[in-house]
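Let's work through some exercises together, each with a solution in steps. Keep the viewer open and try each task before reading on.

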Amino acid sequence: MPDNKFISAFETISETRMFKKGQKIYSPGDDVNEIYFIKNGSVKTGCYLESGKEITKFMFKSNEIFGETALVGLKHRRDYSFALEDSEILIINLTVLLNKIKKDIQLSWYFINLFGERNIAYDERLESMVFKDSRTRIIDFIVDTVEKNGKKIGFEIVVNKFYTHQDIANLTSTSRQTVTTILNILKNHNIITFDRRRLLVRDFQKLKEGICE
């Protein structure tokens, strides 16, 4: 997440736009002339294979940037993005941003680090698909989500605005049915509980150990 200095810089060179839940932000083939910063809300990015299968690449929340591949010289979007909920998004003109990056070495390093982190995330997902079974991929994804977005409440941890079962399936290259099965096993062992709005982890240590037999 960028610090307040960068957020303030983005606000001075951007236009704020509201997107309704489900509204497309960009589509494959669109001209690449902007990147985006989420002030409030959440966004999904991904692509479609020739077979029509959907591949979810990332799901972003408030205070995160997306569409940053504009900075590597792409002329047209290869992916899609849409709002997962009503979202307030800063639209940052690419040319203006590039001029600012040239004058601000810290901002330049921020984007270098951002590309590095996203590349590592891609590599880890690829390794997971190759070397881990479906159950392990799903549990690892939940653990990672809890570590990044969870808030401790006593001895438990809550993740608000948790993913749908289909979103987890897309992000872990599994099926929705498998995700539902694994989540229900974890729930039956009193490790987690969940609904459409949140995930509550009752025993994080057992979750990390993958105890769901």
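**Exercise 1.** Classify glutamate 156 as buried, partly exposed or exposed, and find its salt-bridge partner.

*Solution.* Step 1: glutamate 156 has a relative accessible area of 23%. Step 2: buried means under 20% relative accessible area, exposed over 50%, and partly exposed in between, with a 1.4 Å probe and protein chains only. Glutamate 156 is therefore partly exposed. Step 3: its partner is arginine 202, with the closest N and O atoms 2.9 Å apart. A salt bridge here is a side-chain nitrogen of Lys or Arg within 4 Å of a carboxyl oxygen of Asp or Glu. Step 4: arginine 202 sits in the loop between E12 and H7, and glutamate 156 in strand E10, so that the pair links parts of the chain 46 residues apart. Helices (H or I, at least four residues) and strands (E, at least two) are DSSP runs, numbered from the N terminus. Step 5: arginine 202, at 34%, is partly exposed too.

A note on the model: it is predicted, local features need pLDDT of at least 70, side-chain atom pairs count only at pLDDT 80 or more, and totals for chains, interfaces and linings use all residues. Residues are numbered from 1 along each chain as its sequence is written, and side-chain values use heavy atoms, leaving out hydrogens and water.

**Exercise 2.** Which residues have the most contacts inside the largest nonpolar core, and which element supplies its largest share?

*Solution.* Step 1: a nonpolar core is a set of buried Ala, Val, Leu, Ile, Met, Phe, Trp, Tyr and Cys residues joined through side-chain atoms within 4.5 Å. Step 2: the largest has 25 residues, and Ile142, Ile192, Leu199 and Leu207 have the most contacts inside it. Step 3: elements that each supply at least two residues include helix H4 (134–149), strand E10 (156–160) and helix H7 (204–209). Step 4: H4 gives the largest share, six residues. Step 5: another core lies apart, with 18 residues, among them Ala70, Ile101, Leu107 and Phe111.

**Exercise 3.** Is aspartate 104 buried or exposed, and which backbone nitrogens does its side chain reach?

*Solution.* Step 1: aspartate 104 lies in the loop between helix H2 (94–103) and H3. Step 2: its relative accessible area is 18%, so aspartate 104 is buried. Step 3: a polar atom of its side chain lies 3.1 Å from the backbone nitrogen of glutamine 106. Step 4: the side chain of aspartate 104 also reaches the backbone nitrogen of leucine 107, at 3.1 Å.

Key: Polar contact = N/O pair within 3.5 Å; in protein donor to acceptor, adjacent residues only side chain to side chain.
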